[in-house]
Amino acid sequence: SSFLKSYRPHLHFAPQQNWINDPNGLVYFEGEYHLFYQHHPHSTVWGPMHWGHAVSTDLIHWEELEIALYPDEQGTIFSGSAVIDWNNTSGLFPDEPGMVAIYTTHLETPDSPNSPYVQSQCIAYSHDRGRTWTKYEHNPVLRSADRKDFRDPKVFWYRPKGYWVMALATGQSISFYTSSNLLDWKLVSEFGAGIGCHEGVWECPDLFRLPVEGTEASKWVLLVSIGDSPELYHGSRTQYFTGSFDGRQFMPDHSNIQWLDYGRDNYAGVSFSDIPQSDGRRIYMAWMNNWRYAHQLPTGSWRGSMTLPRVLSLRSIKDKMVLCQRPVAELDRHFTSKTKLRSLSVADGQAYEVDLPASIADINLHLQHDGIEEFGVIIHHTADQQTTVSYNSGSELLSVKRQLTEDAEYALMFNRPQQIHIPSSSHFGLRIVLDASSVEVFINDGLYSITSLIFPDKTCERISIYTRGGDIRLYDSYIAAAP
Ligand code: FRU
């Protein structure tokens with residue numbers, strides 16, 4: 001293997017310079033996908049937030065554009081969403097449809113005895129495909145009466161009733177507002193008391209309808225990110241609820257906690273607005289990071305990146321609805337080689353080694369067995385640096401174990417295995433997407449995902465598939481790769 005020249009990803013968005021966190025304003029318009037994001041343009045640590053901006057035509061290769069939104073007298077620019085006002089409901093688009101950004105302004109009030117900051121919702125609009133923005137002259141459009149945490153508006157058009165709905169993070173709940181014009185908002189319900197995980201502040205909601213795979217049915221899904229707190233073993237993390245929505249209120253199916261990802265590095269994810277009906281996908285993207293160690297990443301002059309864009313769906317497993325994720329099909333086009341792996345058996349106690357054709361790889365494995373103690377896939381960076389994806393039949397845990405070589409303060413938390421309980425089964429599908437500083441594992445055709453950053457010294461050169469306590473058969477497997 002060769003020394004890594006940089007941790008800069010090939011398949012993922014990362015800024016040219018400085019700090020980023022949440023994706024914001026994900027929207028499709030006139031052939032372009034827009035990715036705005038929380039950005040500090042003058043530092044590699046969080047600070048006065050702006051909205052950075054990048055566009056893509058294939059969701060994989062991004063072009064960074066000028067900063068879209070700068071702080072102003074209302075405050076710095078926190079997370080939010082963007083929509084296309086097709087029917088000029090706002091009155092801001094007399095000539096042709098355009099883009100509206102709905103975002104939070106965060107105003108620090110160090111002298112205030114009650115709260116160190118005030119958060120309000122503002123809007124800005126663009127007549128030129130997001131290149132330049134005008135802030136609405138009567139901002140803010142939504143002010144809090146009494147809430148300190150009041151942020152991250154996600155707006156969508158609710159067709160059955162013909163109005164806009166805003167999901168807003170309000171402390172440890174999500175509040176829903178409606179509007180006919182994006183400018184005047186009315187509170188219609190609040191969700192969250194006594195349900196879900198409350199070990200951190202609720203952030204970055206999203207609410208949408210999703211099809212249930214293999215059926216004509218669909219359900220509403222509410223995503224809620226949970227900010228880091230010392231109680232959270234995993235650091236910041238995202239939960240989801242399935243249920244129904246009548247245009248005013250979200251009614252959950254049950255009160256169990258469900259996690260969107262079992263890795264440490266998938267946070268503040270939301271979905272694209274205005275994907276054409278002819279496409280019909282619900283495309284999701286998140287900040288590939290964790291607030292617990294986000295400021296310490298050893299990436300140099302830039303810091304932060306996004307996950308792969310993923311298509312979401314629901315799968316009914318026993319009596320549960322599980323939120324599934326698969327990388328968008330556009331990813332396949334990035335790879336220049338596709339190597340089929342021979343179908344073969346790996347005998348108990350043995351390992352099968354496969355050289356990677358290139359270090360950026362999409363590894364697709366199908367494995368079958370009649371009883372084993374443990375099997376796994378080791379991704380070799382160097383002799384003593386590896387990332388391991390393994391399944392243990394005794395504990396029924398699928399684990400991704402990564403290692404930080406640097407002697408960093410966050411290494412303990414970083415190196416703890418990332419695990420998910422999966423009942424024993426004779427077949428496993430593993431898809432492992434390997435970029436310069438990340439490993440995204442998708443299990444059983446997107447049923448579960450484990451997203452993690454990695455910081456090896458060297459590029460990944462080979463994988464080995466090992467087994468203990470029984471043979472394992474490899475079938476229908478391939479590796480797509482690109483230099
Ligand atoms: C989530 C978050 C949001 C907030 C933004 C500030 O990561 O804390 O709630 O709007 O980041 O950068």
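Student: Which residues are closest to the ligand, and how many surround it?

Tutor: First, a word on the model. It is predicted: local features need pLDDT of at least 70, side-chain atom pairs count only at pLDDT 80 or more, and totals for chains, interfaces and linings use all residues. Residues are numbered from 1 along each chain as its sequence is written. A residue is near a molecule if its C-beta atom, placed from the backbone, lies within 6 Å of it. Here 13 residues surround the ligand, and the closest are Gln38, Phe78, Ser79, Glu203 and Ala268.

Student: How do the residues of the shell divide into nonpolar, polar and charged?

Tutor: Ala, Val, Leu, Ile, Met, Phe, Trp, Tyr, Cys and Pro count as nonpolar, Asp, Glu, Lys and Arg as charged, and the others, Gly among them, as polar. In this shell, 4 are nonpolar, 5 polar and 4 charged.

Student: Which strands each supply at least two residues of that shell?

Tutor: Strands are DSSP runs (E, at least two residues), as are helices (H or I, at least four), numbered from the N terminus. Strand 1 (18-29), strand 5 (76-84), strand 10 (151-158) and strand 14 (202-211) each supply at least two.

Student: How many bridges join strand 10 to strand 11?

Tutor: Two strands pair if DSSP finds at least two bridges between them. Strand 10 and strand 11 (residues 163-169) run antiparallel, joined by 6 bridges. Lys154 has Ala167 in strand 11 as its bridge partner. The hairpin has 4 residues between the strands, and Gly162 takes a positive phi near 70° there.

Student: Is Trp133 buried or exposed?

Tutor: A residue is buried if 20 or more other C-beta atoms lie within 10 Å of its own, exposed if 12 or fewer, and partly exposed in between, with C-beta atoms placed from the backbone. Trp133 counts as buried because it has 21 C-beta neighbours inside 10 Å. Trp133 lies in the loop between strand 7 (117-126) and strand 8 (134-135).

Student: What is the order of the strands in the open sheet of 6 strands?

Tutor: The order is 25-34-27-28-29-30, with antiparallel pairing. Strand 25 (351-355) and strand 30 (418-421) are the edge strands, each pairing on one side only. Strand 25 is joined to strand 34 (residues 462-468) by 5 bridges, and the partner of Val354 in strand 34 is Ile463.

Student: Where does UniProt place "domain: Glycosyl hydrolase family 32 C-terminal"?

Tutor: The unreviewed UniProt entry lists residues 343-473 for it; such annotations may be inferred rather than shown by experiment. Over residues 343-473 the chain is 4% helix and 56% strand.
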